[in-house]
Amino acid sequence: GNEENSSSKEEKELNIGMFIPNGSYEIKYDASDFVSVYTYVKGNGTEYQIIGANGKGPYVDVYELKDDGIYKVYRGDLTEDEANNKDSVDYLDNRNNNEETLILSSPIKVGTRWDNKEIVEVGENLKIGSLTLEGAYVKTWEKEESNGQKFVKVYYYSEGLGCVQHRVLLNDEIVEFSTVVEVNKK
C-alpha cells in the first residue's frame, strides 16, 4: 500500500485563496476582438483588481475572496487618465451592490459545482504555449443553452494570477478567447 501513501502526500491542500493575486502583475494576452490584450493586475491576497481595455475603452474589475469562493464584486469604466496611470488606480474597496458573481467556488477539487459551472481539472504547473505557470491551476467550465444555441465557457485560473486563459464556444465554434503569453511581476 505504499504507492497510495506517496501519491496522497504529493497532493498539497489547495485553498481558494491561492488563486488571489498578491502583488502587481502585467499580463499580456493573445486575444479575440473586444477582449483585453494587456491587463494590469494588483492584489493584496484577499482582493484584487484587473485593469484592461475592451471595445468600449478602459475598465476595472474587482474580485474579492470570501469563505466559499472568489467573487467578482465590481466592474467600472476608467478614464484615459486613470488608464495611463495604472499604478495609482485603486478600486479595491469599490463594490456594485447588485454585481456579485461567484467565479471560482471552494472546495478546489474536481466535481465542485455552482450555478452552471463546474471544476473539471486541477493540476500543477499549467503549460500554455511556451509558458509554464508555476503552482496550482484550476480549469472550470460553464454550459448554457438558450434559443437552441449551446454556449460553453472554459476558464483556467493559475495560482497567484487569477484567470490566465478562457474560451467561449458557441455551438463548438470559438467566438471569444484569451491566452496568456507573458507575465511580468511589477
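**Briefing: sheet, core and selected residues**

Asp67 is exposed, with a relative accessible area of 79%. Asp67 sits in the loop between E4 and E5. The model is predicted.

**Sheet**
- An open sheet is formed by 12 strands in the order E6-E5-E4-E3-E2-E1-E12-E11-E10-E9-E8-E7, with antiparallel pairing.
- Strand E6 (101-105) and strand E7 (113-114) are at the edges; each has a single partner strand, so one side of each lacks a neighbour in the sheet.

**E4, E5 and the loop between them**
- Strand E4 (residues 57-66) and strand E5 (residues 69-77) run antiparallel and are joined by eight bridges.
- Leu65 has Ile70 in E5 as its bridge partner.
- The C-alpha atom of Asp67, in the loop between E4 and E5, is separated by 31 Å from that of Glu182, which is 115 residues away along the chain.

**Nonpolar core**
- The largest nonpolar core has 45 residues, and those with the most contacts inside it are Phe19, Tyr48, Ile70, Leu104, Ile108 and Val164.
- Apart from neighbours within four places in sequence, Ile70 is in contact with residues including Ile16, Phe19, Ile20, Tyr48, Tyr63, Leu65 and Leu104.

**Thr140**
- Thr140 belongs to strand E9 (residues 131-146).
- Thr140 counts as buried because its relative accessibility is 2%, under the 20% cut-off.
- Leaving out neighbours within four places in sequence, Thr140 contacts Leu104, Trp114, Glu118, Ile119, Val120, Lys153, Val154, Tyr155 and Tyr157.

Key: Residues numbered from 1 in each chain as written. Predicted model: local features only at pLDDT ≥ 70, side-chain atom pairs only at ≥ 80, totals over all residues. Heavy atoms only, no water. Helix = DSSP H or I, 4+ residues; strand = E, 2+ residues; numbered from the N terminus. Buried < 20%, exposed > 50% of the residue type's maximum accessible area, 1.4 Å probe, protein only. Contact = heavy atoms within 4.5 Å. Core = buried A, V, L, I, M, F, W, Y, C linked by side-chain atoms within 4.5 Å. Pairing = 2+ DSSP bridges.
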